[in-house]
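Here is my notebook from a first walk through this structure.

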Amino acid sequence: MELEEERRQVDERLRVWPMGRLRSEGLVLTDLRAVRRGSYLGKAIVRLTAADGGELPFHRFTSGTLVTLCRLNPLSERTTEGLVLDRGRWEVRLVMDSLPPGLMEGLWRLDKGVNIVTYQRMAQAMQALYKDPNTVGTAAAGAAATGDYEGGNDDEEEGGDNDDVTEYRGSSGQEYGYGRGNAGYGSRRGRGRNNRRDGKRRLRRQQDEEDEDELPPGTYLTDILLAPASARVAAAAAQPAPLVPEVGLRWAAAHIAQPTDPRVEDPEMGLNLSQVRGVAMAMQHRVALLQGPPGTGKTTTIVRFIQHIRHTMRYPHPILACAQSNVAVDNLLEGLVDLGMRAVRVGQPVKVRESLRDATLDARILEHPLLADIDEQERQLRTLRQRLPSLRGRDRGLGHRDVSLLGRRVREMRAQMMADILAGADVICSTCVGAGGDTLQDLSFPLVVLDEGSQCCEPEALIPLVKACRHAVLVGDHCQLPPTVQSERAAAAGLGKSLFERLMEAGVPASMLQVQYRMHPALSAFPSARFYGRRLMDGVEAAMRLPPPLPLPAADVAGPIMFVDVAGGREEVSQGGSKSNRAEALVVVGMVRHMLAAGISSADIGIVTPYLAQVQLLSNLLMPHIPPGAPTLEVSTVDGYQGREKEVMVFSTVRANPSATLGFLEDWRRLNVAITRPRRALLLVGNADTLRKGDNTTNRTAASATTTTTVQEEAEAEVESGSGFCSPARGGGGGGGGAWRPALGSVGHWAAYMSWLEGLPG
């Protein structure tokens, strides 16, 4: 249903939408000049600029986005695919496997591509969920061990942030494959040809049978993932983690208790006691959930857990560390590399942070000592193949034999090279979708760590788990935004609920990280009380997060939070149904100009808004005020900024209407994300009357809805006491250390937040 909906939307916009709407929503760039500018890991870099030499208009082509290049119409022309390498105010750079003819002639059109591989990987994972991992690899072990593997070309680069599909090619353009079983990995399925006549027919039948499957190995967690009753799910998940050495289980038992003061630091682990308890929880149980509210150091906790279990506790197998987005995977990779872990990043290098690209599999391949030998063998192989048509009789037969033998030798060398790189790693890092690619196909990872678990739809989270996983650690925060689902039917069927949240509701062992290090204490006060039962503590003092010089409207206003009431603003609906508010946008532009004039770098400012039309409006209005050469000032939707932070955040709420309708702005998880991005200051711009009244009727009686004093008293009382807003998750680890789920208070969340803001000093 979700794939059908995405295809329907893409087809509609290409066939029905006028060019003006495509441009306004940032889905197309036209009238572009193209030129080749060097290469990147063997692929061409293409630089696109506006034909008039000016700045590019608003667009949504970011690093790693799959795009198509054509002249005028992608529906009637043959398009060429590429990936965005990076972007600037005057250019977009692409990485392309092949170049269209006449690249430097005429004008070009750039469109956002369609992601299909993600859905294919999710479908395979759901099929593999019912597969017995104990039966994988037995039939193909012989072919795999001899290196009789010929790399397939079944992975097309479909793009999207989650799509890490890649082909590993040498200078000859041949795909790298590998087929040797390694400890901790299982075996690799052979799809090659054996030229020994006595075994040729048997291996061909075996190959046909295997090609009918082509699924990942399966998982050992089906009793948890498929159990019909919550009690059975919780009991199975709470069992001791397999393959963890006994010393590790004893350490976990000694550190699992809820600490009296979670802020106390453990000098040996380099973590606070709340994080140490999370590591113990993850090490102790077959499946564990770590809830990481904003700024609590979940990435730090994950990398310390991986280091502790792999190096200190001598876990015997490489670990698969995944996340939903490339940004989160890069954060994990950076932390692991900084700790001296042998980490390898699988996926498209163009989607990897530039400073980390030396850790990619592609970069390791280019450094491997066997690569030069492989290139030489491939050169000889090409020469032999070119000679074959001129040979006759016995010489032709001998030539075919030599080609076959040399081809097998090349495959064996490729297999050895890939095996050396992957088997020598402590941890393999990938996006969830990338874990389902051909690079890791059929490899077994007994321990899987999944970050951003609450942002993945369940089929996506299954992709790394069906790699013969026996022990899983899911990290996320169900109090922030859930998976994005385009199809209403799919959402109604449950696709919008993450595996993390489902397991949380079932009572799987869970622990909450309780100490936040991001925000000024005044910024964390409301979300701590409203969404986390006032269990979110501050690990920083106000003096450590002093607000920078801000465009304050009055001298007596102080502190890190400011709300600007744009009473005269009105929301407008764009052609695509998104909303904007020009009056708010002009206020935001004025704020940014004052901050830049006060010496605040554009790199330290972030702007979020719920609506794409407001993102476009703000981007266009701000562009003339950013000095040439200055760092990019990021403008994004709230949903697109989850997991990010800046020194100063500006939040344009947009909604302003007589009926006080908030739409999806009233989602309490979106509010939580929006107000927890800043470190030092939060500037809110909106219509106070709309926000104050907008969601009152959802959670209040008509009588109390008319009394502002009652709303403020309730909000202040709840923030002060921390009661009434959260309830412990079932089976959340016991004591006070389990994960928490918010429960609605007696007033709407925006109404409570506005009342709380009005009660602040000044």
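**Entry 1, a term before I start.** Two strands pair if DSSP finds at least two bridges between them. I needed that before looking up a bridge partner, and I also noted that this is a predicted model.

I began with strand E4, residues 80–87, and strand E5, residues 92–96. I found 4 bridges joining E4 to E5, and the two strands run antiparallel. Which residue of E5 is the bridge partner of aspartate 86? I looked it up, and the partner is arginine 93.

I then stepped back for an overview. I counted 26 helices and 28 strands in the protein chain. The chain has 762 residues, and buried ones make up 56% of them. I also looked up the contacts between residues at least 6 apart in sequence, and 77% of these join residues at least 24 apart. The chain exposes about 30800 Å², and carbon and sulfur atoms supply 50% of that area.

Which residues of H13 are buried? I noted Leu371, Ile374, Gln377, Glu378 and Leu381. They lie on the same side of H13 because they cover an arc of only 120° around the axis. On the other side of H13, I found Ala372 and Gln386 exposed. I also checked what covers the buried residues of H13, and the cover includes helix H12 (361–367) and helix H14 (393–423).

My last stop was serine 580, which I found in strand E22, residues 579–580. Is serine 580 buried or exposed? Its relative accessible area is 13%, and buried means under 20%, so serine 580 counts as buried. I then looked for its contacts, leaving aside neighbours within four places in sequence. Serine 580 is in contact with Arg570, Glu571, Glu572, Ala613, Gln614, Leu617 and Val654.

Key
Residues are numbered from 1 along each chain as its sequence is written. This is a predicted model: local features need pLDDT of at least 70, side-chain atom pairs count only at pLDDT 80 or more; totals for chains, interfaces and linings use all residues. Side-chain values use heavy atoms; hydrogens and water are left out. Buried means under 20% relative accessible area, exposed over 50%, partly exposed in between (1.4 Å probe, protein chains only). Contact means heavy atoms within 4.5 Å. Accessible areas come from the Shrake-Rupley method with a 1.4 Å probe; for residues, only the protein chains shown count as cover. The arc is that of the directions from the helix axis to the C-beta atoms.
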